[in-house]
Amino acid sequence: MIGVLKVFEKIACILSVLIGIIVATSCSWFCQNYPEPDEPVIHDTQQPTASTNKTPDYGSYLAGRVAHIRHDLNKAADYYKKVVNNVPDEQMLPSQLYIMLTSQGRIKEAVQYAKLAQQKGDESPFILMLEAVDFIKDAQYQKAIDNIKNAQNPLADNFFNPLVIAWSYAGLNQDKQALDALAPLASNPAFKPLYLFHAGAINDYLGNTNAAEAYYTSLMKIEHIELAVFPLQVISNFYLRQNEPDKALRAASLAINKNNLMMKNVIETIKKSDSKISPFLDKPEKGLADAFFSIALLMQQDAANNDLAILFSSLASYCYPEYPLPYLLSASILEKRKLFNEANQMYSHIKPDSYAYYNAQFQTGKNLIMMGQPKKAEAIFRRLYASYPPNPDILTNLGEVARINGQYLEAAKLYQKAVDCYPEASARETWPLYFAIGISYGAANNNDLAEKYLRKVLQIRPNKITQNHLGYILLQQNKNIEEAFELIVSAYNPKSEDGTVTDSLGWAFFKIGDYENAVKYLEKASDQAPSEAIIYDHLGDAYWMNGRKREAIFQWNHALGLKDNTGEFNRNETLKKLKNGIPTPKIPEFDLQKIKLQKERLKNKENR
C-alpha cells in the first residue's frame, strides 16, 4: 500500500460499514488461547450437498466446537462441514463456515458454503464479493464484474467495488472501462494516492506507457509521499523496463522504512536489475491483491476490525500467493493475541527467495521462544546468524535462548556481542542489553559483574526494574543493606501486581530479621506470581523463622513442584531444608536509622 496511512486514519474506523461486511453471525475465533491438538489436519474438500440423514451428528459438531475454541480453525471447519446441513438454521453455521474458511485461505470451499448460507437467508454483500474474487482467480473477469454490480451496497461503490471492478476490466483489456470504474476513488482526497497508484498500475499492465508514467509521476509528486514495498516494486519495475534506471532509483528514494532489512532487500534488487527485467504486473490478480492488502492494512488500525483484516489478507494471498506482506500482517495480528503457532503457520508460506524471508524466520524464532521451544528457536537464529551480517537482534535472541537453557555466562557473552554491534553513542537506547547482561551474570552467581552492569544501566537510564534487581543482588551478597533496601522500596508500587518486586521487598525484610513483614510481603508476592518457585522457597524460609514449620514445609514442597524461571532456585538446598529445616540466619550489619527511614517511605507509599 502507498505509505500515506495518516490520511486514512479518520476513515479506517468506518471501513467495516463502508465495505458492508456483516460478520455478526460469526464467532470471535481468535480471542482465547488453548493448547493446540497434535493430530494433523486432512482437509475434506467435498462440496456441500443436501443431506439425506436428518439426524444431527452431535459428535462432529462438538468436535468442531472444541477445535474452534482451540483455534484450530482448519480442523473446526472440516468437522462443521460434516454437520452443516443438519443443524438448525438459526445457528447460521454456513455463515460461520464460509467466514472461517476464508480466514484460513480456503477460498474455493468458502465460496461453496457462502452460496449455501445465501440460500438460508444470509444477505451479506461479502458473499458476492467472495464469489467475484474466485471468478477473478479463474480469469472469469466479466462474471466478477456482474457479481459486484449485483451487490446492493451503495457505500461500497465509493471504495471497495471500484478496485475490484477496475482490475477485472483490466483482465478484459478494457482500459477505458477500468479507469472509469476506478474514478470514484479520485473524488475523495483521502484516496488520491491509492487512486493514482492503481490507475498507473492498470495502465502499466495494459501497456499504456505514457498514461502509466503520468499517474506514477503525479503520485511521487505528492508532498511527503512514501512508497511501501508493492508500489515500489511496480513503479521501479516500470522505469527499469523503460530503460530509465534513474527514475527507478528516484522511486527507491521514496521508500518507507528504508533502513528496514526487508526494504533494503527490495531496494538492492532494484539496483541490480536492468531493462531486461520481466514485467512485474503480469496478471491483474496481483494488482487486486495489493488492493485487498491495502484494505486489510487499514482495517488493522482498529483492533475491533482485526478479524476483517485477516479476511482481506487471506483474499490478497489467494489472489497472489507469493505476496508476503499479507502473511506478515495476519501473523502480527495473531501474535498480539498470543496465537504464536497460528502466526508461524502464516510465516511458513513465505519462501526463502522472498525479500520478507528474514522477517518471517526471525519472528518464527521469537514465537518459538514464547511457545517454550527454545531448541527450535535456536536452530532458526543460528541459521540466520550464518546467513546475514552480524545482527544484534539475532544475537539478542540467541542470548535469550541461552538464558532460558540456563547457560547464563553464554547468554551474557551473546548479549555483549549484540551491544558491540551498536556505536558507543547509542548506549541510552541499548540499556536493555546491559540489563540482560547484568541479570545473566546474577543468575550465574557472578554478583560482582551483575552489580557492575546494573549500575551502568542506572547511570544510563534509571528505571524501577533495574533498581529492584540491583537491590536484590546486594541483598544476596549481604552488601550495602541500606542501599539495597532503598532501591527496592523505590521500585515497589503497592498498586502494581509485580510479584518480582514484592518478593524482593519481602526478602529484604527477611535479611534484616523482620520476619513478620517478610511473611506479609512474600505472601503477597506468591499471590501475584503463583508460578515462581523462588518466591515459595523464600516464603517457606520466612514461615520457618516465624515458627510456622508445617507451613514452611508445605511451601518448600510446593516450590519443588514449580518451574524455575529465575535460575536462582536451588532444588538441592530446598531438599536439605525439608530434611533439616534452616538455621537462624546471621543478620548482616546495617544502619538501623536508615532502614527506619525506608520503612517510613514504604508506609507512606502503602497509605497513598
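Visitor: Which helix is Asp393 found in?
Guide: This is a predicted model, and in it Asp393 belongs to helix α22, residues 392-404.

Visitor: Why is Asp393 called partly exposed?
Guide: Its relative accessible area is 40%. Buried needs under 20% and exposed needs over 50%, so Asp393, at 40%, lands in between.

Visitor: What does Asp393 touch, not counting residues up to four places away in sequence?
Guide: Tyr358, Phe362 and Tyr422. The C-alpha atoms of Asp393 and Phe362 are separated by 8.9 Å, with the two residues 31 apart along the chain.

Visitor: On to rings: how many aromatic pairs does a search of the whole structure find?
Guide: The search turns up 24. One of them is Tyr61 with Tyr80.

Visitor: What makes the Tyr61 and Tyr80 pair tilted?
Guide: The ring centres are 5.9 Å apart, and the pairing limit is 6.5 Å. The planes sit at 35°; stacked takes under 30 degrees and edge-to-face over 60, so this pair is tilted. It links distant parts of the chain, Tyr61 in helix α3 and Tyr80 in helix α4.

Visitor: Is Tyr80 buried or exposed?
Guide: Buried: its relative accessible area is 0%, and the cut-off is under 20%. Tyr61 has 21%, so that residue counts as partly exposed.

Visitor: How do you know which charge sits over the ring of Phe280?
Guide: The charged end of Lys286 is 4.7 Å from the ring centre, and the distance limit is within 6 Å.

Key:
Residues numbered from 1 in each chain as written. Predicted model: local features only at pLDDT ≥ 70, side-chain atom pairs only at ≥ 80, totals over all residues. Heavy atoms only, no water. Helix = DSSP H or I, 4+ residues; strand = E, 2+ residues; numbered from the N terminus. Buried < 20%, exposed > 50% of the residue type's maximum accessible area, 1.4 Å probe, protein only. Contact = heavy atoms within 4.5 Å. Phe/Tyr/Trp six-rings, centres within 6.5 Å; stacked < 30°, edge-to-face > 60°. Lys NZ or Arg CZ within 6 Å of the ring centre and 35° of its normal.
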